[in-house]
Amino acid sequence: MKDFYICDCARMENQTITSFFVVASKQVKSKKSGDLYLSVILSDRSGQLQANMWDNVADALNAFNQDDFVKVKGVIHKYNGRWQLTLHKVRRLADIEIDYSDYIPKTSKDIEQLWHTLSAFLESFQNPWLKNLVHEFMADDAIAIAYKNAPAAKTLHHAYVGGLLDHVVSLFTLCDLAVRNYPQVDRDLLLTGAFLHDIGKLQELAYQRSIAYTTKGQLLGHMIIELEMLHQKIALLPGFPDELKILIEHMIISHHGQYEFGSPKLPMFPEALMLHYLDDLDSKMESMRAQFEREGELDSPWSSYNASLGRPLLNTKKFLAKGLVAARVLEAPKPAAVAGAPEPVAPAAGEPLDDGDVPIVAEAETGSPLEALERKFAAHKVTPVGSKTR
Ligand SMILES: [Fe+2]
Ligand SMILES: [Fe+2]
């Protein structure tokens with residue numbers, strides 16, 4: 001077990017650390033002087049760290065390769081708002097020194113419970129073709145094992161073992177809520193798209209040592225792999241309607257939503273559009289959550305630069321807490337008076353509050369955001385499409 005993880009950088013600023021990492025990438029680059037230096041991305045289960053070796057490079061050049069486990073010594077510092085390590089020493093670890101659980105992050109959620117949630121959603125499908133299609137994937141042992149373990153991305157979001165399943169369960173929940181507001185959307189088609197939209201990551205990414213692209217993933221990308229996987233399963237379902245097949249294919253290839261993000265077609269029907277936006281929402285919300293968690297010990301409400309979103313992030317909880325402490329204002333401001341409205345009368349000491357004063361506000365502010373949404377739907381009498389499965 002290591003005693004320094006990448007998430008500990010803040011407490012070791014400008015100090016020398018000695019620890020173990022896996023090499024996610026290794027490049028030999030040239031300084032302005034023409035001398036060589038090593039640019040390395042080190043990885044452990046808590047994140048990734050840029051590391052550079054500026055001096056005495058010759059000995060280290062061939063001492064290790066990408067995907068090797070290494071012991072390093074160096075100094076932690078900040079450069080352009082991001083943590084870096086200036087490397088002084090590197091050596092490859094012997095197999096006996098490697099504890100794999102130090103390097104690959106894993107979801108803290110119960111993977112079997114997540115899988116059970118997907119199965120429960122599938123039970124609620126009304127369209128037998130789509131139900132059978134998703135069942136073909138879930139009943140395939142090799143796919144099920146891989147689906148339970150695959151990350152959803154290399155670095156951008158849900159980049160941990162179980163991340164794909166975590167992402168898809170969250171996406172199913174979002175889809176289930178969103179279709180209640182848009183009854184014209186075909187729930188089964190949307191959920192089928194959600195189940196399949198990233199399934200190609202099972203073959204696109206390898207995650208035995210660090211999360212990296214496979215050669216197939218690098219050359220084809222997950223959308224092309226998904227079409228191949230889809231066609232294999234549809235071949236097991238004679239008579240599968242061509243129209244449904246084309247719609248699913250379109251949802252797969254358009255789910256990135258823009259040409260520059262790898263989609264050769266833009267989403268052209270409601271289920272495809274909704275899949276794109278909810279997928280995008282879920283991945284970005286997770287990216288923000290993970291960054292705030294990684295940088296939980298930082299004092300500043302501003303995070304370091306978030307590479308997947310291309311901006312630093314403001315942690316509103318820290319921001320508001322700091323403001324309250326600084327101003328020493330613990331009472332919320334009173335709402336502006338409405339002309340002609342009677343002045344509220346504060347109850348006398350010991351007098352019970354009116355029913356209308358406390359419970360409505362208290363009730364609206366309790367529970368999770370999802371529960372709040374549920375209450376909102378109930379208040380607006382929106383009828384759920386399909387049965388509720390959570
Ligand atoms: Fe994708
Ligand atoms: Fe996704």
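1. Start with Ser19. In this predicted model, Ser19 sits opposite Val72 of strand E4. The two strands involved are E1, residues 16-30, and E4, residues 69-79. They pair in the antiparallel sense, over seven bridges.

2. Five strands make a closed barrel in the order E1-E2-E3-E5-E4. The pairing is mixed. On average, neighbouring strands of this sheet are turned by 50° against each other, with direction ignored. As background, strands of a sheet pair through backbone hydrogen bonds, and they can do so parallel or antiparallel.

3. Look next at E2 and E3. Strand E2 covers residues 36-44 and pairs with E3 in the antiparallel sense. Seven bridges join them. Ser43 stands opposite Gln48 in E3. Two residues lie between the strands, and E2 and E3 form a hairpin.

4. Where does E3 meet a parallel partner? That partner is strand E5, residues 82-92, joined to E3 by three bridges. One pair to find is Ala51 with its bridge partner in E5, Leu85.

5. Check two backbone angles. Most residues other than glycine have a negative phi. Asn56 is not a glycine, yet its phi is positive, about 50°. Asn56 lies in the loop between strand E3 (47-53) and helix H1 (57-61). Is Asn56 buried or exposed? Asn56 counts as exposed because it has 10 C-beta neighbours inside 10 Å, and the cut-off for exposed is 12 or fewer.

6. Asp67 also has a positive phi, near 80°, and is a residue other than glycine. Its place is the loop between H1 and E4. Asp67 has 16 C-beta neighbours inside 10 Å, so it counts as partly exposed.

7. Turn to the nonpolar cores. In soluble globular proteins, nonpolar side chains tend to be buried together. The largest nonpolar core here has 42 residues. Val168, Phe172, Cys175, Leu190 and Ala194 have the most contacts inside it. The elements giving two or more residues to this core include helix H2 (111-123), helix H6 (187-196) and helix H10 (270-294). Which helix gives the largest share? H5 does, with nine residues.

8. Zoom in on Val168. Leaving out residues up to four places away in sequence, Val168 touches Leu118, Ala194 and Phe195. There is also a second, separate core of 23 residues. Cys9, Phe69, Val90 and Tyr103 are among them.

Notes:
Residues are numbered from 1 along each chain as its sequence is written. Chains are lettered from A and ligands numbered from 1 in the order in which they are written. This is a predicted model: local features need pLDDT of at least 70, side-chain atom pairs count only at pLDDT 80 or more; totals for chains, interfaces and linings use all residues. Two strands pair if DSSP finds at least two bridges between them. Helices (H or I, at least four residues) and strands (E, at least two) are DSSP runs, numbered from the N terminus. Axes are lines fitted to C-alpha atoms, for helices over the stretch in contact, and angles run from 0 to 180 degrees between N-to-C directions. A residue is buried if 20 or more other C-beta atoms lie within 10 Å of its own, exposed if 12 or fewer, and partly exposed in between; C-beta atoms are placed from the backbone. A nonpolar core is a set of buried Ala, Val, Leu, Ile, Met, Phe, Trp, Tyr and Cys residues joined through C-beta atoms within 7 Å. Two residues are in contact if their C-beta atoms, placed from the backbone, lie within 7 Å.
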